Amino acid sequence: MLEGRMSDTAAGLGIWALPLALIGGALRVSGPYLFVSLGECLTEKSGRINLGQEGTLILGAMTAYGVSYLSGSPWLGVLAAGCAGLVLGALHAWLCSLPRVNDVAVGIALMLFGVGIAFFLGKPLIQPPAPRLSPIELGAWSSIAPVRAALEIHGLLLLGVVAAFVMRFVFRRTRWGLVLRVAGEDADAARALGYDVDRVRLVATAIGGFFAGVGGSFLSLVYPGSWSEGLSSGQGLMAVALVIFARWDPVKCLWTSLLFGGAGALGPALQSIGILGGYNLYATAPYVLTFVIMIATSSARRTFADQPAELTVAR
Amino acid sequence: MSAVPSPVAPPRRGSPPLLEADRLSKRFGNFLALDDVSLRVEPGRVHALLGENGAGKSTLVKCIMGYLTPDAGRIRLGDREVLPKSPRHAQSLGIGMVYQHFTLVPNMTVRENLVLSRPRLPFVVDWATERAALASFLARMPFQVDLEAPVRSLSAGEKQKIEILKQLYLESRVVILDEPTSVLTPAEADHVLSMLHQMARAGEISVVLITHKFREVTQFADEVTVLRRGRKVGHGGVGDLTPSAMADMMMGGASKSSSLPPSARSSEHEAPADERDRGTDEGAIGHARVLIDDLHAEDDLGVPALRGVTLEVRSGEIVGVAAIAGNGQEELVEVLAGQRMKTAGTVTVSGAEYEPKRAIMRALNVRCLPEEPLRNACVPTMSVADNMALRVFDEPRYTAMGWLLSRKKIAQTATTLVGEYGIRAPSIHTPIGRLSGGNVQRAVLARELEGKVDVLIAANPCMGLDFAAVAEIHARIRAARDRGAAVLLVSADLDEILALATRILVMSEGRIVYEAPLEGAEPAVIGKYMAGHGAHVAPDERHASS
């Protein structure tokens, strides 16, 4: 619908139509990537990988939509989504703290659990419309509709941007961040310093889950802005690749999310300027990007210097 | 209570407290690891703790550091009785430990590592203040370090110095060091130990030095306590005890000095003739068996680790490669063993191009004894017999119809080898991971030395083994050499290389930088080259020439 409106005036903008549509699309599509990757970055910094983020994302989307529908307040929905993620994250951390439990296996189990429970509880929510988050119209000065559409920024996305910088500050400048990194780099060293590694990871994974849950609310309350079972297209899993590409740096997660968002917006953007053929092909852009990044950044011979050394995949 | 280190540490006052461990005992199941052991560390003294592996040294200090709770006995610090509940607690009491393995976080800078170790870190770390405080702290220290360097880029010696700095930064008054010089060159070791000695003299700290090197005891310690099989078997002032008396205590009086491994000898030059047997008979050394030409490889982070290694090993000689950990020797062994890909260069064995593939290694009789054999050369959960068959199980003599394994023949060979090499295992069907380090090493050596051996590549073959095992494994390696094998011995223990090698090469920063003369190899000169101070070439010039 939004894209349809844009295509009316797209012809008048000439060559600028595509980048404008891409920027606008990137700002909307990148939201879930940003939140999930921040959450995953936090989790992985503590030395655990949580592959259950996809399940957390979908459960968050459903929770946000449901709470927004029932309470009438979309922001309450966002908070509820975060809390649902917090619970799943804490569950992941608790399971992983048991002896001989593998975090990758737990993550996959929790992904399926999260998706399943969201579909089960979300059945009645497919039809009714819930109040959505309203955007901040940064393009109100312009009379050109595509410019206005491209500059519709959501407060939630801005919160994510702020969170990225805050997270980097926390990693570098606070006691909490240093302890988190020690737990992720060298559990023995952390224990020798007197820190409870499992507890550090519990907190990190739970807060990481909170972020992923909020990412889900972005899906159901911002863009596309409804609840259905086909809502997520694997953003929760792609966030894992994204964190690797961002080299475990929250601010780089922000830029990378925008890149992935842009790739995800490629299909709709081309459609908006009238290129309708191959829509499904362009829709694969984020996945192709994931492949390209994984191949380009991986090597059989070396490991990443920035990679938290305690990650199961690094050992 | 404890003194909380403030960012700007005030100068220490008074002498360090007396540390006394009174009749400590610790039992693990049926095993009495520590039996009624007392230790008295006088203020401002360097107290050496001597003993073989498994003698109870670690258990004793772990009780003092709060890792373990002793079953019986008391610990006193100054005039108070204390019971450290955790290393953190011990630290807050002023007892700090420098471990054999590093406790620094590799992916963090020196500055972050030091600040991190402080108790009661503020929530937001003000790096400007911390930097200034660290700079003024370092100004009072006998050696300097680069605070902004990531720890992973540092050499083992530098890491060890930072571990010690960390204890001083935390204002530990009693510093326990667990074999601190095992990763250092002789010169670095002397430097670090004499610094600690001076600080103790100045009444700033007391030192407990765990070691098995008599030279360090006689040169740097004031008092010594000897442990053996969990019991205290000797104690005295260093001046009152000769190295051979200490060796007798450690070995239970059953030792002759000639059976001591090189690391336990008080001086290289007093070594008996049979220990200095380097196989330099002109007739014994044959033609060049292994030729390594301009070999390059990268480490796990993609940084060049081998930068053009060229060397040759002739049959019937042991070529010792001396290097400090992290100078490419691990990568050299991994490339030869097939655990790492080379990026350039050639390896020729017996005139044929060598690649570390099963068929080629078998055809050219190349055998490998990598370091940490349990990790690098064994499947810990598989049985002793299966592990001993790993190299040969698919040869016709162990198979029927070309594919069916004969368990009987595998078991026969294993039984023979277990007997021949004196491997102590409950049964050949026991998982090899349950054997002690020495027995795993013997089992792998038995496997690798079976049949005709043209080339033997051995890396730190005696790391973590006790005297008897060391002597035996050295004898096996010499025997292989006498049978005509070309042996490439890579070791972090210079004493081991001096004892075994026919020729000594020194490796530094991925290159062979020095070949010691056949006779009269000077440990001090070798150590200088190991430390990278031998060649007077600036680092960037070396880059340009590579």
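I looked up the open sheet in chain B first. Six strands form it, in the order E16-E19-E20-E13-E21-E22, with mixed pairing. Strands here are DSSP runs of E with at least two residues, and helices are runs of H or I with at least four, numbered from the N terminus. Two strands count as paired if DSSP finds at least two bridges between them. E16 (366-369) and E22 (511-516) of chain B stand at the edges with a single partner strand each, so one side of each has no neighbour in the sheet. From one strand to the next, the twist averages 20°. Angles run from 0 to 180 degrees between N-to-C directions, with axes as lines fitted to C-alpha atoms, for helices over the stretch in contact.

The model is predicted: local features need pLDDT of at least 70, side-chain atom pairs count only at pLDDT 80 or more, and totals for chains, interfaces and linings use all residues. Residues are numbered from 1 along each chain as its sequence is written, chains are lettered from A and ligands numbered from 1 in the order written, and side-chain values use heavy atoms, without hydrogens and water.

Next I checked one pair. E13 (318-322) and E21 (503-508) of chain B run parallel over four bridges. There, B:Val321 stands opposite B:Leu505.

The peptide bond from A:Tyr223 to A:Pro224 is cis, with omega near 0°. A:Pro224 sits in the loop between H10 (197-221) and H11 (235-245) of chain A.

B:Asp36 is not a glycine, yet its phi is positive, about 60°. I found B:Asp36 in strand E2 (31-41) of chain B.
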